[in-house]
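Hi,

Here is the structure I promised to send over.

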Amino acid sequence: MVKIFIGGLPDNIQEMDLAIWVSLHGRVETIKVVRDRATGKCKGYAFLEIYSLADAKNIVSTLNGETFKGNVITVKISEDESGAKTPKPKTNPNPNPNFKSKRPRLQR
């Protein structure tokens, strides 16, 4: 699955409208419209999971820059195409395990 980003959405967007519009150009698996918790209005963007890379590239090339419900839409493949997180190299914050970082308390 390939994750794509869609930006520039109107605040009253419905998931079904977006699904119908995008599915004309490729197979959509999931849709997540990002909404404001307090008002429930769309924050202007959504993430979609697309079945294949070919479908995702077709959606991006066809819909990027198009107008949807009066707004110009930005569509791009998310940086993390594979869906897997790349592990960060582990660093040891304390390279010397015998070193104590705290000062000892003075005995009175």
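The side chains of Lys69 and Asp17 come together in a salt bridge, at 2.8 Å from N to O. By salt bridge I mean a side-chain nitrogen of Lys or Arg within 4 Å of a carboxyl oxygen of Asp or Glu. Lys69 sits in the loop between strand 4 (67-68) and strand 5 (71-72), while Asp17 is in helix 1, so the pair ties together parts that are 52 residues apart in sequence. Helices (H or I, at least four residues) and strands (E, at least two) are DSSP runs here, numbered from the N terminus.

Before going on, a word on what you are looking at: this is a predicted model, where local features need pLDDT of at least 70 and side-chain atom pairs count only at pLDDT 80 or more, though totals for chains, interfaces and linings use all residues. Residues are numbered from 1 along each chain as its sequence is written, and side-chain values use heavy atoms, with hydrogens and water left out.

Back to that pair. Lys69 is partly exposed, with a relative accessible area of 45%, and Asp17 is partly exposed too, at 30%. The cut-offs are under 20% relative accessible area for buried, over 50% for exposed, and partly exposed in between (1.4 Å probe, protein chains only).

How many salt bridges does a search of the whole structure find? It finds three. Another one is between Arg35 and Glu15, whose closest N and O atoms are 3.2 Å apart. Arg35 belongs to strand 2 and Glu15 to helix 1, so this pair ties together parts that are 20 residues apart in sequence. Arg35 counts as partly exposed at 27% relative accessibility, and Glu15 is partly exposed at 31%. Then there is Glu29 with Arg27, where the closest N and O atoms are 3.0 Å apart. Glu29 is partly exposed at 32%, as is Arg27 at 45%.

**The overall layout**

The chain has two helices and six strands, and along the sequence they follow the pattern β-α-β-β-α-β-β-β. Of its 108 residues, 25% count as buried. The accessible surface comes to about 8,300 Å², with 52% of that belonging to carbon and sulfur atoms; these areas come from the Shrake-Rupley method with a 1.4 Å probe, and for residues only the protein chains shown count as cover. Among contacts with a separation of 6 or more, 62% are between residues 24 or more positions apart. Contact means heavy atoms within 4.5 Å.

**The sheet and its helices**

Four strands make an open sheet in the order 2-3-1-6, with antiparallel pairing. Strands pair if DSSP finds at least two bridges between them. Which strands stand at the edges? Strand 2 (28-35) and strand 6 do, each with a single partner strand, so one side of each has no neighbour in the sheet. From one strand to the next, the twist averages 20°.

Strand 1 (residues 2-7) is joined to strand 3 (residues 42-50) by six bridges, the two running antiparallel. In strand 3, Ile4 has Leu48 as its bridge partner, and Gly7 has Tyr45. Four bridges join strand 1 to strand 6 (residues 74-77), again antiparallel, and Gly7 stands opposite Thr74 there.

Helix 1 (residues 15-23) lies across strands 1, 2 and 3, at about 135° to strand 2. Helix 2 (residues 53-63) lies across strands 1, 3 and 6, at about 155° to strand 6. Axes are lines fitted to C-alpha atoms, for helices over the stretch in contact, and angles run from 0 to 180 degrees between N-to-C directions.

The structure holds four aromatic pairs. One of them is Phe5 with Tyr45, a tilted pair at 5.9 Å centre to centre and 35° between the planes. Phe5 lies in strand 1 and Tyr45 in strand 3, so the pair ties together parts that are 40 residues apart in sequence. The rings of Tyr45 and Phe47 have centres 6.0 Å apart and planes at 85°, so that pair is edge-to-face. Ring pairs link Phe5, Tyr45 and Phe47 into a cluster. For the cut-offs, rings of Phe, Tyr and Trp (its six-membered ring) pair if their centres lie within 6.5 Å; planes under 30 degrees apart count as stacked, over 60 as edge-to-face and the rest as tilted.

Ser78 lies in the segment after strand 6 and counts as buried at 11% relative accessibility. Leaving aside neighbours within four places in sequence, Ser78 is in contact with Lys3, Ile4, Phe5 and Phe47.

Cheers
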